[in-house]
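Welcome! Open your viewer, keep the selection tool handy, and follow the stops below one at a time.

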Amino acid sequence: DPLQRAFASGASLGAVKTLFLNLTGGAGMPGGILLLLAYFGACSLALIVVARAFVTTSAAGQRLSYALVICWLSVPIGTSILVSVVRPTLVPRYLIVALPALVLLASIGLTQFLGRRMAIGATFALALLGAYSLGHYYSADYKNGENWRAAVMSVTSQVRPGDGIIFRSHFGRQPFEY
């Protein structure tokens, strides 16, 4: 049923960009693209570190650790993108499982590629960009186009005796009651 999957995206560059903007915390935020680019840069550095480890390091444990992080990030996202070619299934919140791997990969890039002072500075800049996005998110009256306050005011202003409200899921009831 197309109505049930209206929230899912098909595979496209825009959908992948939106996915990573959501994972990095920059979706819908001013400066969100800067946060995405900062993560992209840190993860690119990490891929250089990982490639170097696979070529030069004889320690199988280190290679296995890096491979685990790469697979943890790429398998859920890659599978979702591949399936989305046939049927729209690309939903950023369902891929939150890959977020720790994204942060780990970025931290590998910052700590292993850059010197100590550069890594501290880059981490601080990344934290500032993230804090700015979080501050903007929590200061907004409504999220993702959902203005629950206006919806509740509209419904409650027209209540008559005997009226009731039916929620199709508990996810709608909680913000309505709040």
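Stop 1: Select residues 60-86, which make up helix α3. This helix has 27 residues and reaches 37 Å from its first C-alpha to its last, close to the 39 Å expected at 1.5 Å a residue. That expected span is 1.5 Å times one less than the number of residues. Helices here are DSSP runs (H or I, at least four residues), while strands are E runs of at least two, and both are numbered from the N terminus.

Before going on, a word about what is on your screen: this is a predicted model, where local features need pLDDT of at least 70 and side-chain atom pairs count only at pLDDT 80 or more, while totals for chains, interfaces and linings use all residues. Residues are numbered from 1 along each chain as its sequence is written, and side-chain values use heavy atoms, with hydrogens and water left out.

**Stop 2: the buried side of α3.** Now select Tyr 66, Val 69, Leu 73, Ile 77, Ser 80 and Ser 84, the buried residues of this helix. Buried means under 20% relative accessible area, exposed over 50%, and partly exposed in between (1.4 Å probe, protein chains only).

Zoom in on Ser 80. Why does Ser 80 count as buried? Because its relative accessible area is 11%. Leaving aside neighbours within four places in sequence, Ser 80 is in contact (heavy atoms within 4.5 Å) with Thr 89, Leu 90 and Leu 95.

**Stop 3: over to α2.** Helix α2 has 25 residues and reaches 36 Å from its first C-alpha to its last. Its buried residues include Leu 35, Leu 36, Tyr 39 and Cys 43. The buried residues of α2 pack against α1, α3, α4 and α5 (116-139).

**Stop 4: zoom out.** Which elements can you count in the whole chain? There are seven helices and zero strands. Of the 178 residues, 24% count as buried. Among contacts between residues at least 6 apart in sequence, 66% join residues at least 24 apart.
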